[in-house]
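Subject: Structure handover

Hello,

Here is the structure I promised to pass on. Please open it and keep it beside this email as you read.

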Amino acid sequence: MKARFIRVFLLAFLSLFSVTAFGQGTVKGVLVDSSTGENLVGAAAVVKGTSIGTASLFDGSFSLQVPAGKQTLLFSYIGYIPSEKEITVKDGQVLDLGNVKLKSNTVGIDEVLVVSSFARDRQTPVALSTIQPQLIQEKLGNQEFPEILKSTPSVYATKQGGGYGDSRINLRGFDSNNIGVLINGVPVNDMENGKVYWSNWAGLSDVTQTMQVQRGLGASKLALSSVGGTINIITRSTDAEKGGSVYAGIGNDGMHKYMFTASTGLLENGWAVTISGAHSYGDGYIRGTNYDGYSYFLNVSKQINDANRLSFTIFGAPQWHNQRGNQHKIITYRGENPEIPYPVQDGYKYNSDFGYRNGKVYGGAYGYNVYHKPQASLNWYYKINEETFLSTAVYASVTNGGGRRVDGTGSQMLNWDYRNDRPYGTTKLTPEGYYDYNAVMDINKASLNGSEAIIGMSVNSHQWYGMLSTLNTKVNNINITAGLDGRYYIGKHAKQVDDLLGGAFFIDNVNINRPANSPLKKGDYYSYHNDGIVRWIGVFSQAEYVVDNFSAFLSASISSQSYNRKDYFQYTPGDQMSGWVNFMPWSVKGGANYNINKHHNVYVNGGYFTRTPYYNIVYPNYTNDINKDAKYERVLSTEVGYGYTSSKLNVKLGVYRTNWMDKGLRVSLGQVSSNISGLNALHQGVELEGNYKPIPKLSLRGMVSVGDWKWQNDVSFDVYDDNNVYQGTYNAYLSGIHVGNSAQTTAAFGAEMEVLPDLKIGLDWNYYGRNYADFDPSNRTDAADRSDAWKMPDAALFDLNINYGFKIGNFDASLYGNVNNLFDNVYITDATDGTNHDAASALVWYGFGRTWSTGLKVRF
């Protein structure tokens with residue numbers, strides 16, 4: 001199969017050189033953004049009504065052989081309004097059109113990019129990779145949204161357990177707690193723990209205009225959790241033209257997706273409305289992970305006058321999905337584990353965390369999630385004068401949802417002994433190995449003391465309100481930015497009875513404000529109930545000096561961040577608040593870029609910042625007792641880089657060093673968790689990426705990144721179970737151990753070719769190496785054991801995508817096809833280290849085998 005594909009690919013490539021033309025001239029020019037003058041790479045220049053066309057190179061230039069006579073050239077680029085130009089070409093003539101300007105199809109996109117601290121090559125001195133919407137449309141398929149970044153240097157993205165939206169991403173060895181994520185300039189990392197739960201944004205890819213990864217300190221002026229970098233996502237906004245699209249797609253394992261977008265365009269009265277919606281559902285690749293998700297997007301904009309514009313945006317992605325919560329030993333997936341009392345027939349798709357109720361899949365503990373996180377913002381863009389611009393956004397997010405748990409004195413009946421990778425002795429299973437809910441319901445019905453095992457929901461909802469105001473002005477060659485960042489957040493944490501499983505009531509005596517042995521019903525809180533309250537006010541400023549070949553910036557921020565905690569169960573009314581705990585983190589960073597000539601540039605950046613310890617470090621034992629020894633986390637980062645740009649070749653090389661001191665870490669290990677503080681880690685490495693266009697119809701790209709990420713010291717930590725009960729204190733001996741949970745060596749190579757007019761084929765290869773297992777601190781208590789965590793086998797995967805554009809009547813249409821893991825390789829993506837630091841004792845998740853999707857989009 002591999003040989004056949006390669007032959008077809010080569011034949012199509014060679015066919016590009018068989019074209020001859022008579023009576024023709026040459027038309028050349030440079031395609032640029034009409035507002036910024038930035039070169040547009042990969043924009044199309046086509047002779048209208050023919051198949052003659054080309055794509056712009058890395059400097060935006062194009063050269064096209066055009067038949068002699070009067071012709072109409074059509075210029076187009078995703079995210080821009082198509083433009084036509086009438087020309088007359090003589091035989092043998094070379095016609096230079098100079099700069100051909102394309103206007104963005106989104107009103108006010110330049111203002112959004114400024115507010116979002118969008119970086120630019122050869123100007124902003126940071127390591128960056130920009131993902132254009134065309135790449136998202138053609139490459140994503142039915143992958144998770146973070147996986148579109150997997151060919152970016154130092155990025156490692158996996159689907160984890162394989163449930164819908166359960167993906168994760170690491171950047172330079174740092175997880176999502178330490179990657180700043182911005183959507184239209186608004187930070188979305190959780191205010192208590194810094195995490196980003198991608199299931200909350202499962203429909204985000206449907207409305208993304210563009211996204212950018214800024215590795216390291218990044219260009220954002222806000223005080224962010226960006227130790228590893230920043231992911232900057234720009235969504236759709238006010239469409240400049242009337243129109244829309246519809247999409248329908250299918251894929252493996254019952255995947256279906258339907259989507260529409262419609263826009264009024266910018267009307268003469270200054271109003272514009274854009275709306276989008278999508279519905280996705282399927283059975284899931286992993287057994288027992290069916291899902292149902294929606295996404296919606298609405299933007300209403302009003303151009304008040306030349307100086308003022310208002311824009312209201314709301315988007316969200318309500319969803320539910322069954323999950324796979326537990327990793328397993330390799331022998332379990334192979335059906336060779338003697339402690340599994342039933343045949344394992346699903347192989348690498350095996351999932352121990354569900355059963356059937358009323359003929360439908362029913363996820364058990366850690367086997368089901370439901371969530372809805374809408375985000376609404378009102379933006380005011382005010383152009384004070386030609387040099388000064390003010391942007392102010394007020395935003396809110398009120399969420400609801402959580403994950404399924406099993407609790408009670410008999411909770412082991414519907415739980416898995418994850419440490420030993422086997423069912424408990426009392427676990428109730430059907431002969432096929434599924435949770436036997438009927439057996440548990442019979443026990444609960446017969447119990448005189450209420451349900452022995454119940455289904456609960458671990459509620460994690462919040463209310464988040466914020467304001468972000470940014471003033472930009474220019475004084476001579478200095479761009480000055482200053483702003484205010486205010487946030488207020490209340491996070492609700494509780495367990496709530498969801499299903500008594502046939503019992504009459506449930507007993508839980510944790511709440512001291514409730515009479516002992518009170519019978520609890522569906523909807524009642526149990527185990528814990530508390531609020532985490534965070535308030536944040538910060539100021540930031542930046543001065544950027546820009547001349548022809550040189551740019552430099554210096555930025556600083558300082559914030560007042562405060563925590564409070566209200567506990568409804570462990571304290572009586574009037575004494576339920578902990579009182580405010582105040583911190584004042586700050587940051588300073590700077591950098592410079594020098595363009596040696598039109599081809600070569602070098603840059604350097606560095607910074608130091610302190611970060612407020614996370615909420616659960618300040619409240620380490622799930623009470624209102626405050627950890628007075630909680631330390632600021634401190635980060636010192638430096639980086640140097642080099643770039644080469646020509647019309648056909650673009651190369652970036654960077655070397656970085658990040659020293660992270662007094663890190664706080666929250667580790668969840670199945671049904672227990674740990675708070676670790678005082679960790680030091682050193683992350684350093686080198687990154688190389690490049691793009692090459694030997695001919696206009698062929699694009700090649702590649703990257704390699706090699707990191708060296710290690711823990712620097714030993715620490716002690718406390719362990720709590722899922723009900724927040726203290727289990728003990730341990731010493732963890734981590735000094736010199738590699739940081740786990742992310743491949744320290746990654747590489748990628750991709751090729752995309754237009755083999756026929758409007759038919760493109762792309763092939764991508766991704767490699768992951770030196771991927772150490774995540775660690776369980778309880779396995780690191782032996783001072784004599786300094787062994788590295790188990791190193792997973794290296795993995796290399798191929799992905800294939802095909803895109804064909806055509807006409808349906810007067811409508812433009814595109815047919816997409818994607819096959820991921822083309823050759824169905826078996827590989828491990830995630831692992832938790834075992835007691836012997838080897839393959840036999842590790843708990844793992846395998847990556848997906850071959851998957852596919854196809855879809856049709858019609859634009860009107």
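Does R172 count as buried or exposed? R172 counts as buried, because its relative accessibility is 1%. Keep in mind throughout that this is a predicted model.

**R172 and its partners**

Start with the salt bridge at R172. Its partner is E687, and the closest N and O atoms are 2.9 Å apart. E687 sits in strand β40 (residues 672-695), while R172 sits in the loop between β11 (168-171) and β12 (179-183). The two are 515 residues apart, so the pair links distant parts of the chain. E687 counts as buried too, because its relative accessibility is 2% and the cut-off for buried is under 20%.

Now look at H683. This residue also has its place in strand β40. H683 is buried, at 2% relative accessibility. Its side chain reaches the backbone oxygen of R172 at 2.8 Å. Leaving out residues up to four places away in sequence, H683 touches R172, G173, F174, Y656, R657, T658, D708, W709 and V739.

- R422 and E339 meet through their side chains at 2.4 Å, N to O. R422 is in strand β30 (residues 422-423), and E339 is in the loop between α4 (330-333) and β23 (354-357). They are 83 residues apart and link distant parts of the chain. R422 counts as partly exposed at 27% relative accessibility. E339 is partly exposed as well, with a relative accessible area of 38%.
- D407 and K495 meet in a salt bridge at 3.1 Å, N to O. D407 lies in strand β28 (residues 400-407) and K495 in strand β32 (residues 478-499), so this pair ties together parts that are 88 residues apart in sequence. Both residues are buried.

Some salt bridges share partners. Through them, E138, K139, R701, E752, K760 and D764 are joined into one network.

**A three-stranded sheet**

Next, find an open sheet of three strands. Its order is β4-β1-β7, and the pairing is mixed. Which strands are at the edges? They are β4 (61-67) and β7 (94-102), each pairing on one side only. Neighbouring strands here are turned by 25 degrees against each other on average, direction ignored. Strand β1 (residues 24-33) runs parallel to β7, and seven bridges join them. On that side, V32 stands opposite K101 in β7.

**The nonpolar cores**

The largest nonpolar core has 31 residues. Those touching the most other members are L414, W416, Y437, L501, W790, I828 and V844. Which elements give two or more residues to this core? They are α4, α5 (437-446), β49 (828-832) and β50 (843-846).

Take V844 as an example. Neighbours within four places in sequence aside, V844 is in contact with Q327, H328, I330, Y333, W790, I828, D830 and A831. A second core is separate and has 25 residues, including I136, L171, V196 and W198.

**Where to begin**

I would start with R172. Find its salt bridge to E687, then the side chain of H683 reaching its backbone oxygen. After that, go to V844 and trace its contacts, W790 and I828 among them.

Best wishes

How values were computed: Residues are numbered from 1 along each chain as its sequence is written. This is a predicted model: local features need pLDDT of at least 70, side-chain atom pairs count only at pLDDT 80 or more; totals for chains, interfaces and linings use all residues. Side-chain values use heavy atoms; hydrogens and water are left out. A salt bridge is a side-chain nitrogen of Lys or Arg within 4 Å of a carboxyl oxygen of Asp or Glu. Helices (H or I, at least four residues) and strands (E, at least two) are DSSP runs, numbered from the N terminus. Buried means under 20% relative accessible area, exposed over 50%, partly exposed in between (1.4 Å probe, protein chains only). Two strands pair if DSSP finds at least two bridges between them. Axes are lines fitted to C-alpha atoms, for helices over the stretch in contact, and angles run from 0 to 180 degrees between N-to-C directions. A nonpolar core is a set of buried Ala, Val, Leu, Ile, Met, Phe, Trp, Tyr and Cys residues joined through side-chain atoms within 4.5 Å. Contact means heavy atoms within 4.5 Å. A polar contact is a pair of N or O atoms within 3.5 Å; within protein, one must be able to donate a hydrogen and the other to accept it, and residues adjacent in sequence count only if both atoms are side-chain atoms.
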